[in-house]
Amino acid sequence: MGKKWVSAYFTCKALKLCVVVVLFMVLQFSVVSECVDLDPEDKSSLLLFKSRFGDPGKSLSSWVGLDCSNWTGITCENQTGRVVSINLTNMNLSGQIHPNLCKLSFLEELVLSQNNFTCPIPLCFGNLQSLKKLNLSYNGFYGVLPDTLMKLTQLKELVLNGNKGLGGPIPLWVGNFSTKLEKLDLGFDSFRGEIPEGLLYLESLKHLDLQNNFLSNSLPDFHQALSFLNLGSNQFSGTMPCFSASAQSLSFLSLASNAVVGGVPTCIASLEALTHLNVSFNQLTYKVPPRLVFSEKLLVLDLSNNDLSGPLPSKIAVTTEKSGLLLLDLSHNRFSSQIPLKITELKSLQALFLSHNLLSGEIPARIGNLTYLQVIDLSHNSLSGSIPLNFIGCFQLLALKLNDNNLSGEIQPELDALNSLKILDISNNKISGEIPLTLAGCKSLEIVDFSSNNLYGTLSDAITKWTNLRYLSLAKNRFNGSLPSWLFTFAAIEMMDLSGNKFSGFLPDGNFNISSSFNNRGIATMPREEEVLLHNGDTKVSIFVVDSSGLRINYVLFSVVGIDISNNLLHGAIPGGLFGLKGLEYLNLSYNFLNGQVPSLEKMKSLRALDLSHNSLSGHIPGNISSLQDLTSLNLSYNSFSGFIPKKQGFSRFPGAFAGNPGLCVESSSGGCDPENLPVVPRKAFDEETVGGPISVWVFCLSTFVSFYFGVVALFCSVRARNYILQTKV
């Protein structure tokens, strides 16, 4: 026994010594490989390749000498020095590709992605027959796929996405030129026609991305075990296949933005490895079958923007402690039930979109159990009841959108516990009461929309705690009192809408120079082609799946940069500082009692719409208004402006802008001036005119009653009229 033990000991010791020797030799070998000299022929080919394109960032300035390890992006074979890999990703290279690149006969990997190469794919690439990976993504390559690529029989990855000039039909040979092809990415190109039949049967294929092309015909089924399939944003039609050949392997499936019809087949739930399913923006109909229950592996389910109807599915995925559903989007359909309680059992849920449906009933209080929720969008439904206090359980909430429902009650003061909240939209409901002072605790708020409710009270300086505020709308409520001096002191504010209330007093002459959006031209978030008068803000929330445990959430605000304080009870002069905001695009002060003269507008270079109508403004029209090149809408009607407006000032592009100003005359084509020929614009409907206008509803009603009363009395004072009115018809 002892001898055996000693023998084992020495054997083990000898083995350790051998391992040390081997490791030493490997280290020595690696040192040699790091200093291998570049093959002279390959070096010459690389330098000619470099001579054909621009390198403004000098990324390849290291391409000198013989030591291969010093050449940026180049990998050489350890013993021969032949180039086996070129990776020049994102180096801002531009130009064309020299044909000598194709003389690198030992090249196995060629990656030129995220540069600015602008040329057809070189025909000579077919000579690189050792190539296993070819990535030319996000460049300016154009033309068709050259047939010479079919010679690359060793290719495992072909990635050409992000070349919009690359198109035509996908060649038939793509499906059978390499029996080793595992990944094919032609997304965001311009390919059209059908998917070659060979691709449907290529056994080696695992990853296929053809999104954002012009591919058409019926949606095909695939007969190999895919793990990734993206056919989104094409023109495929027909019904959804079951993809049964990929039942054990398919983890990502996107058919979004096509013309797929029919229902969601129950067999889709048999895809056991599925983590992402996106069939949004199609023409899917019918009810969601109750047997459509996905495994706990599902992370993202997006059925939005279809025509699905019936009740919301009560059970969507298997709920276990490992249940991983992060995003559920059933928005923009025709679901017509209450929100099922089963949804509140999806404990890992981080984003819930149920907007633009026909949902009714109350918001379930148990929604507060979803403690990981970051986005809740229940807008544009028929939900009733009050805003559940249990929302405070969703303490990680970033966006809460409940607008366009039938919600009532008051804003709960306890909502201040949502101190991470950035977007709060409860507009177009029946919410009443005052804004709780405790909401000052929501210091992260950036988008606040309380418009079209029954809120009242004065503006508290607690709002100033929202230091990141970008959009504020309190329009069409019953707020009153004077406007505070701090109103325009939000540094990030882009749109402020206080219209349709009962604010009185003067416009605050505060510091208008704090907001960067108001004062800097060209940082507007709304596209220039959008109609400027559509100034109501809208937010688009974007969700990015980081990994199996989390999402990254961004949002974009669509709104002009503007101020709207129309339809109130304000009086006095307009502060001059308000007309010095060179970044302001929209200004509406109409339907108030403002007086005095209009200051100079020459600094308002970004102004696209100006409405000062239905006030008591006087003096001359500022002549420099016509020099504002972006101005597309102007309304100064129904004021007390006076003076002469020369034709050369170009106000003819604003028909009706000066109606209702008796002392004002516009130069006619004959050179004269006739105040009676001022164009007339129709006044607003009576119910809009009387909100804060010069004639209130009760005065109108009283005058109508008095006129009617005296008219009747006058009639009855006449004997002939009285006898005619009271005579009995036979």
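A residue is taken as buried when its relative accessible area is under 20%, as exposed when this value is over 50%, and as partly exposed in between. By this criterion Cys442 of the predicted model counts as buried, because its relative accessibility is 1%.

A search of the whole structure finds three disulfides. One of them joins Cys68 to Cys76 with an S to S distance of 2.0 Å, and the torsion about this S-S bond is about 90 degrees, so the link is right-handed. Cys68 is buried, with a relative accessible area of 3%, and Cys76 likewise counts as buried at 9%.

A disulfide also joins Cys102 to Cys124, with an S to S distance of 1.9 Å. Cys102 lies in the loop between strands E4 and E5 and Cys124 in the loop between strands E6 and E7, so the pair ties together parts that are 22 residues apart in sequence. Cys119, by contrast, is in no disulfide, and the nearest cysteine sulfur, that of Cys124, is 9.9 Å away.

Cys242 and Cys267 are joined by a disulfide as well, with an S to S distance of 2.0 Å; the torsion about the S-S bond is about -85 degrees, so this disulfide is left-handed. Cys242 is partly exposed at 30% relative accessible area, and Cys267 is partly exposed at 23%.

Turning to the strands, an open sheet of nine strands with parallel pairing has the order E31-E33-E35-E37-E41-E43-E45-E47-E48. Strands E31 (432–433) and E48 (663–666) stand at the edges with a single partner strand each, so one side of each is left without a neighbour in the sheet. Strand E47 (residues 640–645) pairs with E48 in the parallel sense over four bridges, and Ile645 stands opposite Val666 in E48.

Definitions and conventions: Residues are numbered from 1 along each chain as its sequence is written. This is a predicted model: local features need pLDDT of at least 70, side-chain atom pairs count only at pLDDT 80 or more; totals for chains, interfaces and linings use all residues. Side-chain values use heavy atoms; hydrogens and water are left out. Two strands pair if DSSP finds at least two bridges between them. Helices (H or I, at least four residues) and strands (E, at least two) are DSSP runs, numbered from the N terminus. A disulfide is a pair of cysteine sulfur atoms within 2.5 Å. Buried means under 20% relative accessible area, exposed over 50%, partly exposed in between (1.4 Å probe, protein chains only).
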